[in-house]
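Subject: Structure handover

Hello,

Here is the structure for you to look over. My notes follow below it.

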Amino acid sequence: MPGGGAPCQTNRLTGMSRAILAEVARMLEALAADGTTASIDLRSLPMTDADREQLEASLGRGEVVAELEIAGRSTVRETAYAGAWWICHRGANDRVSSEEIAVCPVPEILASHPADIESAALRLKEDLLENHSSQAEASNG
Amino acid sequence: MADKNRKHRPQALKTQQTLGDMLAERGVSRRSFLKFAAYTASILALPPTAATAIANGLAAARRQSVIWLSFQECTGCTESITRASSPSIEDLIFDFISLDYHHTLQNASGHLAEAAREQAMEENRGDYLVVVDGSIPLKNDGYSTIAGISNRQMLEETVAHAKAVIAVGSCATFGGIPGANPNPTGAVAISELTDKPVINLSGCPPIPEAMTGTIAYLLSFAGIPELDHLGRPKAFYGEAIHDRCYRRPFYEKGQFAKSFDDEGARQGWCLYEVGCKGPVTYNACATLKWNGGVSFPIQSGHGCLGCSEPGFWDLGGFYKPLSAAKDDALKYAAGAAVVGAAAGAAASMAVRAKRNKLLKAAQAAVSDSGKEEN
């Protein structure tokens with residue numbers, strides 16, 4: 001391999017963030033009009049670091065920030081535009097595994113899944129029975 | 001990962017359980033499925049809204065038996081898929097499959113290893129996946145054997161009752177480096193030796209997400225993803241590196257590095273003139289990148305080698321621009337640098353079409369010479 005190396009030139013604006021903002025605006029209009037939800041996959045877009053910073057700054061921060069610990073950290077952050085959410089999932093070594101802007105009232109990943117609720121109900125019932133038995137044994141002993 | 005249900009963990013994994021039930025018993029919540037599905041939808045270039053369908057499909061699927069065969073290869077493809085250093089969302093794929101045979105990773109060796117392969121074939125007849133890395137030598141069966149079984153024989157008997165075959169790496173998909181001129185072993189691609197559906201995941205090695213994403217797709221949608229004319233999933237091989245390269249604007253402006261240490265290289269200009277094969281290489285390196293999304297060769301200052309294209313090893317030199325390649329067809333790409341993107345795309349298509357024709361002719365010639373020697 002030839003000597004020397006090229007620096008990573010990712011500090012230039014390409015106009016991508018403006019295009020994404022226009023798309024988010026259209027999606028918000030649709031959500032307000034008839035409840036249509038939509039998402040933009042940010043990882044699939046050839047954005048430079050500068051584009052990304054511009055996009056984040058333009059969307060700003062809203063009232064809600066949620067952190068999830070699911071096989072790595074995930075953050076769900078409302079932007080300054082209600083209904084537009086910035087969702088970032090991280091995997092091994094805190095690296096970003098997927099990142100999207102979701103346009104919806106509440107991102108699906110925040111809601112508890114019916115299967116998990118069913119399991120939780122069963123678990124709590126079992127824990128209560130177990131505690132009750134332990135207490136009964138302690139008071140008898 | 002959620003750990004609240006750990007006390008319900010079963011002693012052994014039950015293959016008849018759905019993945020949803022199996023992982024719930026291990027304390028893995030449905031949110032984990034949704035997170036994995038969001039990751040999978042992203043790497044498969046599906047709309048993020050497809051994540052729910054993927055999560056539901058995975059939760060309802062059964063654990064998939066996989067037999068991994070390694071022939072004339074360097075184990076780089078296995079290194080690629082097992083690259084993660086700590087448990088993470090990307091590794092959930094290893095909970096979704098039962099890797100019943102992989103002679104590099106499994107504990108068993110010798111006859112016991114082969115018995116594991118035979119048992120998996122018997123117990124999952126018609127329903128197991130075969131993953132193959134490495135090419136098959138046709139000039140002499142003795143060039144590459146495992147437990148005394150030739151590569152060709154092992155492939156034929158293992159794929160006979162498989163649901164589908166995934167060829168990973170440029171050796172299994174196109175003959176790769178073992179098949180490079182003068183191809184001393186008569187190496188051929190897997191697809192030339194079976195009538196089963198073969199999904200080609202080319203690259204040296206393939207991007208790990210191409211492997212895990214394809215398996216996740218097979219499990220979620222119980223079908224084969226849309227493939228290109230070389231049998232590769234369009235989600236990963238549908239666009240040229242060049243089309244998604246962040247240096248593309250410099251190409252459009254005619255700003256090229258002339259060497260690896262000139263001002264153009266320092267400015268991060270297009271690497272076309274120092275041999276980048278991005279315009280004729282179809283892969284997802286520019287978007288998925290490598291090492292968990294850290295970088296890819298062009299971002300690190302080196303041109304694309306074209307490793308996911310047929311015969312990349314024999315295409316005229318890694319540091320020669322496409323315009324100086326020995327093959328006349330490749331010279332079409334030179335025009336791309338001069339006349340711009342539209343002409344560039346047309347030139348790339350012309351290059352690919354002609355190159356594939358030439359490679360097929362070359363492979364036929366090798367095949368004929370192999371038959372004569374045998």
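**The chain A sheet**

Strand β3 (residues 73-78) of chain A runs antiparallel to strand β4 (residues 84-90) of chain A, and 5 bridges join them. In this pair, Val76(A) sits opposite Ile87(A) in β4(A). Helices (H or I, at least four residues) and strands (E, at least two) are DSSP runs, numbered from the N terminus. Two strands pair if DSSP finds at least two bridges between them.

Before the rest, the ground rules. This is a predicted model, in which local features need pLDDT of at least 70, side-chain atom pairs count only at pLDDT 80 or more, and totals for chains, interfaces and linings use all residues. Residues are numbered from 1 along each chain as its sequence is written, while chains are lettered from A and ligands numbered from 1 in the order in which they are written.

The open sheet in chain A has 5 strands, ordered β1-β5-β4-β3-β2, with antiparallel pairing. β1 (38-41) and β2 (65-69) of chain A stand at its edges with a single partner strand each, so one side of each has no neighbour in the sheet. Neighbouring strands are turned by 20 degrees against each other on average, direction ignored. Axes here are lines fitted to C-alpha atoms, for helices over the stretch in contact, and angles run from 0 to 180 degrees between N-to-C directions.

Helix α1 (residues 16-34) of chain A packs on this sheet and touches β1, β4 and β5 (96-103) of chain A. The direction of α1 makes about 50 degrees with that of β5(A). Contact means that two C-beta atoms, placed from the backbone, lie within 7 Å.

**Chain B: overview and sheet**

Chain B has 15 helices and 9 strands. Of its 374 residues, 51% are buried. A residue is buried if 20 or more other C-beta atoms lie within 10 Å of its own, exposed if 12 or fewer, and partly exposed in between, with C-beta atoms placed from the backbone. Take the contacts in chain B between residues at least 6 apart in sequence: 68% join residues at least 24 apart.

An open sheet of 5 strands in chain B has the order β2-β1-β3-β7-β9, and its pairing is parallel. The edge strands are β2 (97-102) and β9 (198-201) of chain B, each pairing on one side only.

Which residues of α7(B) are buried? They are Asn151(B), Met154(B), Leu155(B), Thr158(B) and Val159(B).

**Strand β3(B) and the cores**

β3(B) is mostly covered, with 6 of its 6 residues buried. Tyr128(B), Val130(B) and Val132(B) point one way; Leu129(B), Val131(B) and Asp133(B) point the other. β3(B) runs parallel to β1(B), joined by 5 bridges, and Leu69(B) stands opposite Val132(B). With β7(B), β3(B) pairs in the parallel sense over 6 bridges.

The largest nonpolar core has 98 residues. Such a core is a set of buried Ala, Val, Leu, Ile, Met, Phe, Trp, Tyr and Cys residues joined through C-beta atoms within 7 Å. Ala37(B), Val130(B), Val132(B) and Ala167(B) have the most contacts inside it. α2(B) gives the most to this core, with 8 residues. Apart from it lies another core of 13 residues, among them Ile20(A), Ala84(A), Ile87(A) and Ala102(A).

**A helix pair and a loop proline**

α3(B) and helix α9 (residues 208-221) of chain B pack at about 75 degrees, with axes 7 Å apart. That makes the two roughly perpendicular, a label for angles of 65 to 115 degrees. Ile54(B), Gly57(B) and Leu58(B) of α3(B) make the contact with Leu219(B), Ser220(B) and Phe221(B) of α9(B).

Pro47(B) lies in the loop between α2 (30-43) and α3 (51-60) of chain B. Pro47(B) counts as partly exposed because it has 14 C-beta neighbours inside 10 Å. Not counting residues up to four places away in sequence, Pro47(B) touches Ser39(A) and Ala41(B).

Best wishes

Note on methods:
Parallel < 35°, antiparallel > 145°, perpendicular 65-115°, else oblique.
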